[in-house]
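Please go through this protein with me, taking its strands and its side chains in turn.

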Amino acid sequence: MAGLVIVAHAPLATAFQAVARHVFAERSEALVIVDVWPDWSAETAEQEIRTAVTQAASGVVGGEVLILADVFGATPCNAAQRVADGGSVRLVVGLNVPMLWRALAYAQQPIDTLVERALVGGSQGVMPASPQKPQDQPLNSQPNDPTHRHHQQ
């Protein structure tokens, strides 16, 4: 099992924690969050993330931790990159709800599998969902349907 840490612009980490509790109440207790506030320095953010990783790893056999961050290149991600070692502490960026739910659902898996499941959940959770605009075709005024039901053909 791996520990899970969410690092995001405040108050997004808190919001993700609430979403986690909504579906995975029993597993969300092990979720550690870091809301990175606008007035924090990069060093403060990094220290808070290190503390969160230590807390998340404390109840985990093997001490593996997956950090989920909101946006690549921003302060939360940059600070988390300095904490992640690519081994027992891994980082996935671009957090969305399907990614979080996948990570919670598969938290018992080894860290490599967990990273893969989180990535798949995040990418498969993004799709167009609105109906497609109807084509702009006029109704045929001279139907070839002998019953005059005006079917488009």
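Q: How many of the six residues of strand E2 are buried?
A: This is a predicted model, in which local features need pLDDT of at least 70 and side-chain atom pairs count only at pLDDT 80 or more, while totals for chains, interfaces and linings use all residues. Residues are numbered from 1 along each chain as its sequence is written, and side-chain values use heavy atoms, with hydrogens and water left out. Strands are DSSP runs of E with at least two residues, helices are runs of H or I with at least four, and both are numbered from the N terminus. With buried meaning under 20% relative accessible area (1.4 Å probe, protein chains only), strand E2, residues 31-36, is mostly covered, and the count of buried residues is five.

Q: In which sense do strands E1 and E2 pair?
A: Two strands pair if DSSP finds at least two bridges between them. Leu4 stands opposite Leu31 in E2. E1, which spans residues 3-9, joins E2 over six bridges, and the sense is parallel.

Q: Which residue lies over the face of Tyr106?
A: A charge sits over a ring if NZ of Lys or CZ of Arg is within 6 Å of the ring centre and within 35 degrees of the ring normal. At 4.3 Å from the ring centre of Tyr106, the residue is Arg117.

Q: In what order do the elements of the protein run from the N terminus on?
A: The protein has six helices and four strands. From the N terminus on, their order is β-α-α-β-α-β-α-β-α-α.

Notes:
Buried means under 20% relative accessible area, exposed over 50%, partly exposed in between (1.4 Å probe, protein chains only).
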